[in-house]
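Here is a short briefing to read alongside the model. Take a look at the structure first, then follow the notes below.

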Amino acid sequence: MNVLFLGGTGTISTACVADAIGQGLNVYILNRGKTLKRPVAHGATVILGDVYDDNDLLSAISNHSIDVVADFLCFDEARAQHVSKLLAGKITQYIFIATASAYQKPIHKLPITELTPLDPKGLSGYSQKKIEAENVFISAYENEKFPVTIVRPSHTYDDANPPLIGDWTNWQRVLKGHPVFLWGDGTTLWTLTHADDFALGFTGILGNSKTIGDDFHITSDDAPTWNEIYFQIGLATGTTPNIFTMTSEQIKKAYPDWFWADQIIGDLSHSAVFDNSKVKAISPRFKPTIKWADGVGRLAKWYEANNSKITFDDEINQKCDELYKIYNGVNKFIFTKEL
């Protein structure tokens, strides 16, 4: 079976490429060849081209007799409409990488299953756009038999990319003792999935005719609190995180147009625990074993070996410092009123 990954060198897709090759699939990657953070898995054939150029995409499919396209780079309704028409009749399966952040918030019942409603109301703009894209693909399947399978990752990380706001920037702040913020009181449950675990579920979907027209989330069974997430970073690095907390509304008020404020109020501030029974039935190899306490140690080793190459985010540093000043001002104001 010939599989084409659109992307193939990202946090999630790199591990999926490696596992698919390990399972004996012929794997091709279409991208511009500019990503150096993660090496391409040995055995993958790289096709240099622009995913969003129709000629490049169609040439890759026809020249290599592609059966399955795994698309990690479709983010909105317009692209979904275009690609569902462009690839109609040319492949046996198209896998759309959606997002588990699209489930309704607040969640009325845990754990989340694939029957939990997708509800754009109150969600982040990113999640809303992914829902709109899903709807296009569902319509294309129902009306034109477009062979789509929808896959929803949750918060997925790998050894080179920590699951934090600002990625390595907040990690570095912990190491330096600089304040890092959390929302609420830090006790919401949050599922973190290592990409190596995710890949075991994903590969079982590749070329599986039983998954056509269906949807699956693939997540870990491990859901630490946000406090625990930072506590484990401290244990792995020999530091003590300097955490301060604010309400999600305070963060949104301070930065109403900030992507991460949008994500916090529409997603990260709500507990998210998942039932993975559906994907486990399709992918027997999927038995997630990498808990955050283990994954954080792998991240610490990657950071030690690569920190000289990392570019840190000045905007994240600035906003963290500014929020800390707001936090101190709010606390002093409340204290004065109570007196």
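Arg298 is partly exposed, with a relative accessibility of 30%; here buried means under 20% relative accessible area, exposed over 50%, and partly exposed in between, with a 1.4 Å probe and protein chains only. This is a predicted model, in which local features need pLDDT of at least 70 and side-chain atom pairs count only at pLDDT 80 or more, while totals for chains, interfaces and linings use all residues. Residues are numbered from 1 along each chain as its sequence is written, and side-chain values use heavy atoms, with hydrogens and water left out.

**Salt bridges**

- Arg298 and Asp159 are joined through their side chains by a salt bridge with an N to O distance of 3.0 Å; a salt bridge is a side-chain nitrogen of Lys or Arg within 4 Å of a carboxyl oxygen of Asp or Glu.
- This pair links distant parts of the chain, 139 residues apart: Arg298 sits in helix α11 (residues 292–306), and Asp159 in the loop between β7 (155–157) and α5 (168–176).
- Helices (H or I, at least four residues) and strands (E, at least two) are DSSP runs, numbered from the N terminus.
- Asp159 counts as partly exposed, at 23% relative accessibility.
- Lys252 and Asp262 also meet in a salt bridge, 3.7 Å from N to O.
- Lys252 belongs to helix α8 (residues 248–254) and Asp262 to helix α9 (residues 259–268), so this pair ties together parts that are 10 residues apart in sequence.
- Lys252 is partly exposed at 22% relative accessibility, and Asp262 is partly exposed with a relative accessible area of 22%.
- In the salt bridge between Asp215 and Arg152, the closest N and O atoms are 2.8 Å apart.
- Strand β10 (residues 215–218) holds Asp215 and strand β6 (residues 148–153) holds Arg152, so the bridge ties together parts 63 residues apart in sequence.
- Asp215 is buried, with a relative accessible area of 16%, and Arg152 is buried too, at 3% relative accessibility.
- A network of salt bridges links Glu134, Arg152, Asp214, Asp215 and Lys278.
- How many salt bridges does a search of the whole structure find? The search finds 13.

- Is helix α1 largely enclosed or open? Seven of its 10 residues (13–22) are buried, so α1 is largely enclosed by the rest of the structure.
- The buried residues of α1 are Ser13, Thr14, Ala15, Cys16, Val17, Asp19 and Ala20.
- Their cover includes β1 (2–6), β2 (26–31) and α6 (195–203).

- Thr211 lies in the loop between α6 and β10 and is buried, at 0% relative accessibility.
- Leaving aside neighbours within four places in sequence, Thr211 is in contact (heavy atoms within 4.5 Å) with Gln93, Val148, Thr149, Ile205, Phe216 and Ile282.
- Ile107 is in the loop between β5 (93–97) and α4 (125–144), and counts as buried at 16% relative accessibility.
- Not counting residues up to four places away in sequence, Ile107 touches Ile112, Ser271 and Ala272.
- From C-alpha to C-alpha, Ile107 and Val273 are 9.8 Å apart in space, while they are 166 residues apart in sequence.

**The whole protein**

- The secondary structure comes to 12 helices and 11 strands.
- With 339 residues, a compact globule would have a radius of gyration near 20 Å, and the protein agrees with this at 21 Å; the radius is taken over C-alpha atoms, and the globule rule is 2.2 Å times the number of residues to the power 0.38.
- The C-alpha trace spans about 70 × 40 × 35 Å along its principal axes.
- Of the 339 residues, 52% count as buried.
- Among contacts between residues at least 6 apart in sequence, 77% join residues at least 24 apart.
- The protein exposes about 15200 Å², with carbon and sulfur atoms supplying 52% of it; accessible areas come from the Shrake-Rupley method with a 1.4 Å probe, and for residues only the protein chains shown count as cover.
- The mean positions of the 31 positive and 39 negative charges are 2 Å apart. Lys and Arg count as positive and Asp and Glu as negative, without His and the chain ends; the place of a charge is NZ of Lys, CZ of Arg, CG of Asp or CD of Glu.
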